[in-house]
Amino acid sequence: MALFLLYETSSGYSLFLANGLDEIGQNTEAVRNSVSDLNRFGKVVQLTAFHPFESALDALNQCNSVSEGIMTDELRNFLELNLPKVKEGKKAKFSLGVAEPKIGSHIFEVTKIPCQSNEFVHELLRGVRLHFERFIKDLKPGDLEKAQLGLGHSYSRAKVKFNVNRVDNMVIQAIFLLDTLDKDVNSFAMRVREWYSWHFPELVKIVNDNYIYAKLAKFIDDKSKLSEDKLPALTDILGDEDKAKEVVEAAKASMGQDLSPIDLINVQQFAQRVMDLSEYRKKLHEYLVTKMNDIAPNLASLIGEMVGARLISHAGSLTNLAKCPSSTLQILGAEKALFRALKTRGNTPKYGLIFHSSFIGRASARNKGRMARYLANKCSIASRIDCFAESSTTVFGEKLREQVEERLDFYDKGVAPRKNIDVMKAAIGSAENKDTAMEVEEAPAVASAKKSKKKKSKSDTAENGEAEDKPTVNGGAAEDAKSEKKRKKEKRKLEQEQAVEKSNGTDRVDAEEQDGTAKKKKTKKSKDQDTEELQDASGMKKKKKKSKGEV
């Protein structure tokens, strides 16, 4: 039986014929020995056909389809043209050797060409790969390497499909910037307090908040000009009328020195900068919260956005955090204390960045270590779900948070918590229900969009029909008259049917009153009998009405 070899390269598809297999006896060791020598290998394997790719994009598409085990139309045409044809009802006298069994099964399903992929075929393909440049004469030296490099880069770019909304690098940069902004805003606010205290020292004791102090420093400017006319504006800034009055009274009896207009302008400008920085800090915090809900929703709902972002930034990425065991995650951020304890043989730290979570603060001093260990365990689960799950949901984070709350109650009150298996089953069920609900919500939207499209097409056709039918006015009037007659007939039929149904109902009520609680079994009758009974019932009703009129 003849053996053909399919070899996919970066430049195109190639087909080889392996001769003298009976002599070799399909011995892999013999093939290995003959692979390195081109003279021996060239006698066994010969090139029969070569199909180059049209462009780099075509090469990428072919490579993607081959890696997924799908035969393209180009590959099918290439095989059908160059392989011997198989008659219907007869077995093929050849087989096709392929590197991947997936694509071999797909070729056999579509074209009924028998394929094989084993160690012997792989050794033959290894030899083809080694001497491929010498089999094809038109290839220049270095062309194949360039094609391989270009296809490798484009294939890796296509395979590594990053979701822009789930890049954790933005979270790392945002949390670093947030920490530096906190330090800078605090230091700048202290500088505003010291600078403006030379002019109005009593304001420091009245107002404690840095942002409000900067606002007041900008608003008051010169304390000598502050009067009771500015009380409403002061109350808007402070949010308290009593404090506003206190500020006005303190300004009247202030011990501070007077400043020149240029100095006051500089103080105002610096206060404005501090206000702008603090407002930007709020916006950055909102951005971080939304980004954490996109990247790690379960971790954010379990431990909070700020602590979760600090854990991700300290680990380097969400993937690195997901790879960390819970024991490492527990002391993440306390590396110095850990190595100091190992060096001095002291007690190792119980918690690192995870200490900033509210759960450890709520736990008693005796149970802080236990709580940190349990919380680190749940954080590692949440980070792995966020990193490797295809769809992002907060269901697992909420359920894990409930477990941590139950553990707190267990340490304080002794209430037994639920098992982890039961909680995870409930979380999976609720996640599936959410997915189905989303699909149900999307279905009517799609249907309404289709209906709107149909209505538009109908309106367009109606408009076209009206434009065509405008000259024939009499014909249109006749059609309207016919349609009105049809509507009247349909209304009459409906009224008759309703009257018949009412008569049946009244007859049944009378029968029940006479017979008591006798319930008759329903029997199936033909359509002709039903119509006869309905007609009889309508006739009986008419007779009753006539008799009542005579009385």
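Author: Happy to; we will go through the sheet and then a pair of helices. Please keep in mind that this is a predicted model.

Reader: What is the order of the strands in the open sheet?

Author: The order is β3-β2-β1-β4-β5, five strands with mixed pairing.

Reader: Why do β3 and β5 stand at the edges?

Author: β3 (45-52) and β5 (115-116) each have a single partner strand, so one side of each is left without a neighbour in the sheet.

Reader: What makes β4 and β5 count as paired strands?

Author: Pairing needs at least two bridges between two strands. β4 (residues 94-97) and β5 are joined by two bridges, so they qualify, and they run parallel.

Reader: How do β1 and β2 pair, and how many bridges do they have?

Author: They pair in the antiparallel sense, over six bridges. A hairpin of three residues joins β1 to β2, and Leu3 stands opposite Ala18 in β2. Ala18 also has a bridge partner in β3, namely Val45; β2 and β3 run antiparallel, with seven bridges. By contrast, β1 and β4 run parallel and are joined by four bridges, with Ala2 opposite Phe94 in β4.

Reader: Why is β2 called largely enclosed?

Author: A residue is buried when its relative accessible area is under 20%. Seven of the seven residues of β2 are buried, so the strand is largely enclosed by the rest of the structure.

Reader: Which way do the residues of β4 point?

Author: Phe94 and Leu96 point one way, Ser95 and Gly97 the other way, and all are buried. In a regular strand, side chains alternate between the two faces of the sheet.

Reader: Now the helices: what makes α12 roughly antiparallel to α13?

Author: The cut-off for roughly antiparallel is an angle over 145 degrees. The axes of α12 (residues 210-220) and α13 (residues 231-238) come within 10 Å and cross at roughly 160°. That angle is over the cut-off, so α12 is roughly antiparallel to α13. The crossing is right-handed.

Reader: Which residues meet there?

Author: From α12 they are Ile212, Lys215, Leu216 and Phe219; from α13 they are Ala233, Leu234, Ile237 and Leu238. By class, this contact has seven nonpolar residues, no polar ones and one charged residue.

Terms used. Residues are numbered from 1 along each chain as its sequence is written. This is a predicted model: local features need pLDDT of at least 70, side-chain atom pairs count only at pLDDT 80 or more; totals for chains, interfaces and linings use all residues. Side-chain values use heavy atoms; hydrogens and water are left out. Axes are lines fitted to C-alpha atoms, for helices over the stretch in contact, and angles run from 0 to 180 degrees between N-to-C directions. Angles under 35 degrees count as roughly parallel, over 145 as roughly antiparallel, 65 to 115 as roughly perpendicular and the rest as oblique. A crossing is left-handed if the near helix is turned anticlockwise from the far one by less than a right angle, and right-handed if clockwise. Contact means heavy atoms within 4.5 Å. Ala, Val, Leu, Ile, Met, Phe, Trp, Tyr, Cys and Pro count as nonpolar, Asp, Glu, Lys and Arg as charged, and the others, Gly among them, as polar. Buried means under 20% relative accessible area, exposed over 50%, partly exposed in between (1.4 Å probe, protein chains only).
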